[in-house]
Amino acid sequence: MIQGAVKRALLGLGHYARRLRHVEFPGVAVLCYHGIDADDATAAPLSMLHVRESDFAAHCRLLREACDPISLDDWRAALAEGRPLPPRAVLITFDDGYRSVLTRAAPSLSRYGLPAVLFVSTGPVEQQRLFWFDALAREKGAAAVEAAKTWTAEEWRALEPRAPGAADDPGAPLTIEELKRLASQPGIEIGAHGISHCILARAPLADQRREIEEGKGALEAWTGGRVRAFAYPNGRPGTDYDAATVALVASAGFDHGFSTRTGFARPNEPALERSRFLMLASVSAQELAHRLAYSWHAPGSAS
Ligand SMILES: [Zn+2]
């Protein structure tokens with residue numbers, strides 16, 4: 001285990017960038033972000049899912065300088081033409097549809113010319129209410145959210161809708177207008193993430209179909225673009241979605257699906273069940289560099 005201060009020094013000395021020049025990834029490193037918090041934000045339940053703004057900017061710089069950032073369209077084109085991807089392909093993704101992606105992530109994405117996919121649950125955007133897990137975490141703590149992941153779709157629907165506290169509430173979802181603005185930023189692709197963010201495998205098939213198809217339809221109506229990629233809410237294979245869910249995603253016309261299984265998205269993985277690396281608030285730039293250069297390549301690596 002290498003300590004954070006050592007990693008910071010190695011990053012500053014350019015060690016990771018030099019090392020990465022000789023590393024070839026075994027697949028695409030798909031990074032899974034959620035929202036981006038202000039640097040001075042106070043810790044709140046689930047805020048570990050939101051990387052700090054200055055850390056995100058440092059991630060972007062590292063990815064631009066030491067890796068090969070790609071868009072999902074680059075990936076599609078490489079697959080269609082049978083071309084290999086660049087040796088250190090990285091795809092940035094954001095789940096859920098937080099306003100902070102527009103206010104705190106988009107400036108760094110454009111500064112460094114980085115493509116990204118934003119997976120949006122349409123219900124909170126349309127109704128301007130908190131995501132159910134943020135509302136529940138604020139009322140009852142993060143442990144209550146874990147327990148609620150085993151609820152049925154009916155139980156989630158029974159949750160009282162709750163509005164965000166203010167425009168800069170870190171839990172605030174994008175508005176439809178803000179989503180349109182993001183969708184028109186070069187390099188940004190909008191993907192689907194259901195409507196209510198219910199755990200699909202816990203919902204009856206008819207509900208799953210509605211979540212998958214109507215969420216896609218709403219995004220296409222709002223943005224005027226095709227929505228071709230899906231991220232499974234919560235994303236654990238066999239737990240949060242199952243084979244029936246994947247079949248519904250295929251029949252809805254999606255060509256890529258993303259789980260939260262940890263690992264590189266290797267070429268032999270099904271396109272509708274790509275692996276990703278979850279990006280938590282604890283991942284500094286030096287930590288990301290260390291993982292890209294070393295720990296994600298270790299046998300049995302899970303973080
Ligand atoms: Zn999500």
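Which protein donors does the zinc ion have?

## Zinc site

In this predicted model, the zinc ion has D96, H193 and H197 as its protein donors. D96 contributes its OD atom, while H193 and H197 each contribute NE2. These atoms lie 2.0 to 2.1 Å from the zinc ion.

Along the chain, the donors are spaced as D-x96-H-x3-H. Both H193 and H197 are buried.

Strand β7 covers residues 188-192 and is mostly covered, with five of its five residues buried. I188, I190 and A192 point one way from the strand. E189 and G191 point the other way, and these residues too are buried.

The pairing partner described here is strand β6, residues 116-120. β6 and β7 run in the parallel sense and are joined over five bridges. Within this pair, L118 stands opposite I190 of β7.

## Helices α1 and α13

Helix α1 spans residues 4-12, and helix α13 spans residues 285-293. Their axes come within 9 Å and cross at roughly 80 degrees. An angle of 65 to 115 degrees counts as roughly perpendicular, so α1 is roughly perpendicular to α13.

On the α1 side, the contact involves G4, K7, R8 and L11. These residues meet A285, Q286, E287, A289 and H290 in α13.

Technical notes. Residues numbered from 1 in each chain as written. Predicted model: local features only at pLDDT ≥ 70, side-chain atom pairs only at ≥ 80, totals over all residues. Heavy atoms only, no water. Donors = N, O, S within 2.8 Å, 3.2 Å for Na, K, Ca; no water. Buried < 20%, exposed > 50% of the residue type's maximum accessible area, 1.4 Å probe, protein only. Axes fitted to C-alpha atoms, helices over the stretch in contact; angles between N-to-C directions. Helix = DSSP H or I, 4+ residues; strand = E, 2+ residues; numbered from the N terminus. Parallel < 35°, antiparallel > 145°, perpendicular 65-115°, else oblique. Contact = heavy atoms within 4.5 Å. Pairing = 2+ DSSP bridges.
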